[in-house]
Amino acid sequence: MKVVQFSQTGGPEVLQLQEVADPQPQGNEVLIEVKASTVNRLDLFQRAGKRPVPSLPFTPGLEAAGIVLQDSNGFHTGEHVLTTRAATPRGGGGYAGKLTVAATDLARIPEGVSFEEAAGAGLAASTAWSGLFDLGHLWEGERVLIWAGSSGVGSAAIQLAKQANTWVAATASSEERAEVLRQLGADLVINHKQENVSKILQEQGAVNLVLELVGSTLQESLNACAVHGRIILIGNLGGQQATVDTQSWRLKQADVIGGGLARTSVENEEKILSLIAAKRFKPLIARTLPIEQAAEAHRMLDSGEPQGKLVLLHS
């Protein structure tokens, strides 16, 4: 099978197309032919040597949508499936043409949902669901702030939060990007490069929940929170360090919760896929590229250019 992998760390050019032996399923595993994956920030960090990998050569890819190749563990040949745990199978992740995946890690893709859409939702939507509901305990009628609304997680979180009948504010870096987020359902979009996010929210009404995807904006998130607000640390797109006023944190009585490697259950991932089928959720996809252009996709994501997910297609 074809895989894109790296044998040494470095720039995007270390990603190479290779031919390797097909994986063989064992025990509770299911063999799938991968049709689509995406590029995530972790892929870039691993390739650059900023995050550890089990061994070299390494095949990146945190999610994979594809077709079951043989009956196994309750799945049948031809079924369309998604895994957001593609990094755990033996041999590598979603940049591989085939994977053996634990049956318990597979979500069924309903009719009417493409592989591109399933992968485009994938881990981003799973993380958004986890932050909003599993960790954030978002309730109908509450107010939520979503940083980095143009990211895969941010754009998914806007739509999922609106499905829960909440008021949603999101941040964007330009008016062009802001308009896309309004179309996704955001009630308020704040240009964080030109406006003070927490000041605007203090004036318009503090929020009950913050999805903190930037990291370095933690104090802004605390300022934007209502008393007893919740902040879920999902990402650190702006850096790993943040300085906070512990007095304001104490007086707000806010909960700051580390999201870890946040993803929701397979059952909830199937609910997300059902929302796509029902046209109530649309993954924000910036561009699709063939898997052979994975290096170019890495360059694009590293540049900060895309609004939404970069999807890699296997032929």
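**Note on a predicted model: loops, helix packing and cavities**

1. Proline 57 sits in the loop that connects helix H1 (41-47) to strand E4 (64-68). The model is a predicted one. The peptide bond between leucine 56 and proline 57 is cis, with omega at about -5°. As background, most peptide bonds are trans.

2. Alanine 148 is not a glycine, yet its phi is positive, at about 55°. Most residues other than glycine have a negative phi.

3. Next, helix packing. Two packed helices are described by the angle between their axes and the distance between the axes. For H2 and H3 the angle is about 55° and the axes are 8 Å apart. H2 and H3 are therefore oblique to each other. The crossing of H2 past H3 is right-handed.

4. Which residues of H2 and H3 meet? On the H2 side they are Ala124, Ala125, Thr127, Ala128, Trp129, Leu132 and Phe133. On the H3 side they are Gly152, Val153, Ala156, Ala157, Leu160 and Ala161. By class, this contact of H2 with H3 consists of 11 nonpolar and 2 polar residues, with no charged residues.

5. H2 also packs against H8, at an angle of about 120° and with the axes 9 Å apart. Angles from 65 to 115 degrees would count as roughly perpendicular and those over 145 as roughly antiparallel, so H2 is oblique to H8. This crossing of H2 and H8 is right-handed.

6. The H2 residues in the contact with H8 are Glu117, Ala118, Ala121, Ala125, Ser126, Trp129 and Asp134. H8 contributes Asn268, Glu269, Lys271, Ile272, Leu273 and Ile276. The contact of H2 with H8 divides into 7 nonpolar, 2 polar and 4 charged residues. Trp129 of H2 is listed in the contact with H3 and also in the contact with H8, and Ala125 is likewise listed for H3 and for H8.

7. How many cavities of 30 Å³ or more does the structure hold? There are 2. The largest cavity has about 40 Å³ of space. Its lining is made up of Gly120, Ala121, Ala124, Ala125, Gly152, Ser155, Ala156, Phe281, Pro283, Leu284 and Lys309.

8. Helix H2 (115-135) and helix H3 (152-163) each give at least two residues to the lining of the largest cavity. H2 has the largest share of that lining, with 4 residues. By class, the lining of the largest cavity has 7 nonpolar, 3 polar and 1 charged. Ala124, Ala125, Gly152 and Ala156 are among the lining residues, and these residues also take part in the contact of H2 with H3.

9. The second largest cavity has about 30 Å³ of space. Leu82, Ala121, Gly122, Ala125, Ser126, Glu269 and Ile272 line the second largest cavity. H2 and helix H8 (266-277) are the elements that give two or more residues to this lining. H2 again supplies the largest share, 4 residues. The lining of the second largest cavity divides into 4 nonpolar, 2 polar and 1 charged residues.

10. The lists can be read together.

Definitions and conventions:
Residues numbered from 1 in each chain as written. Predicted model: local features only at pLDDT ≥ 70, side-chain atom pairs only at ≥ 80, totals over all residues. Heavy atoms only, no water. 1 Å grid on protein atoms, 1.4 Å probe; cavity = no way out; pocket = protein on both sides within 12 Å on 5 of 7 lines; lining within 4 Å. Points joined across faces, edges and corners; volume = space filled by probe spheres on them. Nonpolar A, V, L, I, M, F, W, Y, C, P; charged D, E, K, R; others polar. Axes fitted to C-alpha atoms, helices over the stretch in contact; angles between N-to-C directions. Parallel < 35°, antiparallel > 145°, perpendicular 65-115°, else oblique. Left-handed = near helix turned anticlockwise from the far one by under 90°. Contact = heavy atoms within 4.5 Å.
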